[in-house]
Amino acid sequence: MREDVEALDIRDVTANWVNAIVLQAQIDDRIKALADLAHTPLFFGRLDYLHAPGAELAEGAEGEQFYIGRRHVHDADGDPMVIDWRAPVSQPFYRASKADPQNVALRRRFGYTGGQLTAYEDEHLSDPGEAATVSKLLQQEIERPRVGPMRDIVATIQPEQDEIVRSGLSGSVCVQGGPGTGKTAVGLHRVAYLLYAHRERLARTGTLVIGPNRSFLHYIEQVLPALGELEVKQATVEDLVSRDGLEVRGTDPAATAVVKGDARMAEVLRRAVRAHITPPQEALMVVRGSRRWRVPAYELQEIVAELQARDMRYGAAREALPQRIAHTVLVRMEQAGEAPDDRVQDAVARNAAVKAAVKAIWPAVDPAKLVLRLLSDAEFLAAHAEGVLSAEEQELLLWPKPWRSVRAAKWSAADLVLIDEAADLVERTHSLGHVVLDEAQDLSPMQYRAVGRRCTTGSVTVLGDLAQGTTPWATRDWAQALSHLGKPEAAVEELTAGFRVPREVIAYASRLLPEIAPGLAAVSSVREAAGSLEVVAVDDLDAAVVEACRASLEREGSIGLIAADARVPELEAALRGAGLAWLSPGQETTAEVRLTVVPASLAKGLEYDYVVLDEPAAIVSGEPDERTGLRRLYVCLTRAVSGLTALHRSPLPPPLSA
């Protein structure tokens, strides 16, 4: 298939050089999408239908056989050899069962080792004499060691996951899933499915995956290309709200960040933007040739009031104002017997007197300057926060020392979100066709609004776990979060089957749930291997950590050393002294270096075969409050795929010491 595309000669089919460049770019993308992937087989399953799909009711209809793979593959004659996993005919591979065979006689799974076919396993779904069994190949694939970046789960998607993956483009969905339930993979595979089912629409409107940090995005970046999807963009929330010339150079105390992230700030900003409008008090005189045309103040006030009453962005209304004034002048011209046309109206709208009036009535607003003034000028803030924020909250917002200019200000991440909100009040933000928002539980209401602006006319897949919220403003309720996103109608689905974290480890971590997320169901591990769990009190913590890392490196797979951020430099020094090489989060493991040192603040969303956890109490105390600290610890405890070794010198948090 790739050779066929490479052999295409487009010289005789392009009308001009522009068409040639566009067509060649499309060909290059197609060749890239058809690249062979090392150790990735073309097919992973087979379906033998009792009757050809769609012909179940036809008398004498014969069965049909399909191989299922990551992408469509055809032979030299164009006949399909492998069916894309996203095609409707592939759906029973994931959802058919002994109870509901869905016209499938046989489902075959293929097992691979290093890209070589090594095993296969058959299920005769329509044979009442064969008992239902748990697929060993499926179990082996789930428990395979994790080395390198995240991989696709297209061969192991479970029925409840598949229902979310194949849900329609028009509806938004929120997935609540505990550690290891596959929510990130579900979100990425949903993007791949939507691009398959609605390719033309999403090609026009765009798709975006939003993650919590760059390390996380690097970890997941190869999943979609492995499924043949190369055009999906990735970003963090900070990337979304970044603006030319403005960068995050400051930080906010937790209490200040909470107020800046509160949804009430949207009303404060709306008032501040609209406060720039000044109702006219004098008539406007427009001179055109030898004639003078007068627009009384009351008519100008009516025009301004009408524009204010309409649901228009500030900038759009400002652009409409000169045309509305010009239209009023044209009415007077017609009443005087003239016959002006659209060109005359445009000329009047550009008249110096009209432009001066617009500037005085509806001046341009710079979003960054507006936020700078709000955070610097106590009177200006008080005027627009009255009845919205308390005096104490206003005090938290004000900079101790006002900055002179937008460029000089040390903006925080929360400040850029405020500027983004103000910018949307002035000019509507471009909307995408579909957005996937991962680790959503850590977003503030204002950050949810920033994401929601990017999908006002599209849909969103929200992924998160309320128990893993590690910010002071962490989400407590998905209904509120979806409301801030502008998608209150989104369906909330819950995944409770765990495919990554071993039984012993998830049971140990779940002791924290009553403290961090009362009422949330614990994850139930479906893995056969119980996994190894060691919780050891030590005297020499650094030496014990080094020795635990050495022991873990004797095993197959990736190793993650997770510690409180403040402890990382000390532990890196100990590893260096012991001659152990390590990587930073986001760097790809190799056969030579399989150990990654992970600050607790960056552990979310990552996974390692074996985890060495340093001093749980330090992870808890490194956060602003105990609840947030325990949530951070819950995240760190649940990064292990095969085994966890927790080392401590200080007493363990009470829920874990019982």
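**Strand β13**

I began at β13, where Ser-459, Thr-461 and Leu-463 point one way and Val-460, Val-462 and Gly-464 point the other way, all of them buried. I note that this is a predicted model. I then counted burial for the whole strand: 6 of the 6 residues of β13 (residues 459–464) are buried, so the strand is largely enclosed by the rest of the structure.

Next I looked up the partners of β13. Strand β7 (residues 173–177) pairs with β13 in the parallel sense over 4 bridges. Within that pairing I found Val-175 as the bridge partner of Leu-463. Strand β12 (residues 434–437) also runs parallel to β13, joined by 4 bridges. There I found Leu-437 opposite Val-462.

**Helix α21**

I moved to helix α21 (residues 445–453), where 7 of the 9 residues are buried, so this helix too is largely enclosed by the rest of the structure. I listed the buried ones as Met-446, Gln-447, Tyr-448, Ala-450, Val-451, Gly-452 and Arg-453.

**Cysteines**

How many disulfides does the structure hold? I found 0. Cys-455 is buried, at a relative accessible area of 0%. For Cys-636 the closest cysteine sulfur is in Cys-549, at 14 Å, again too far for a bond. Cys-636 also counts as buried, because its relative accessibility is 0%.

**Asp-162**

I looked at Asp-162, which lies in helix α5 (residues 159–165).

**A surface patch**

I then turned to the surface. Trp-17, Val-18, Ile-21 and Val-22 form a nonpolar patch there, with about 430 Å² of accessible area together. I picked out Val-22, which lies in helix α2 (residues 17–33).

**A sheet of 6 strands**

I traced an open sheet of 6 strands in the order β3-β4-β2-β1-β5-β6, with mixed pairing. β3 (73–74) and β6 (116–123) stand at the edges with a single partner strand each, so one side of each has no neighbour in the sheet. I followed β3 to its pairing with strand β4 (residues 80–84), which is antiparallel over 2 bridges. In that pairing His-74 stands opposite Pro-80.

**Whole protein**

Last, I took down the overall values. I counted 29 helices and 21 strands in the protein. The C-alpha atoms fill a box of roughly 95 × 75 × 45 Å along the principal axes. Of the 658 residues, 51% are buried. Among contacts between residues at least 6 apart in sequence, 73% join residues at least 24 apart. The accessible surface comes to about 30700 Å², and 50% of that belongs to carbon and sulfur atoms.

Terms used. Residues numbered from 1 in each chain as written. Predicted model: local features only at pLDDT ≥ 70, side-chain atom pairs only at ≥ 80, totals over all residues. Heavy atoms only, no water. Patch = residues over 30% accessible without salt bridge, like charges linked within 9 Å, V, L, I, M, F, W, Y side chains within 5 Å. Areas by Shrake-Rupley, 256 points an atom, 1.4 Å probe, with all protein chains shown as cover. Salt bridge = Lys/Arg side-chain N within 4 Å of Asp/Glu carboxyl O. Buried < 20%, exposed > 50% of the residue type's maximum accessible area, 1.4 Å probe, protein only. Pairing = 2+ DSSP bridges. Disulfide = S-S within 2.5 Å. Contact = heavy atoms within 4.5 Å.
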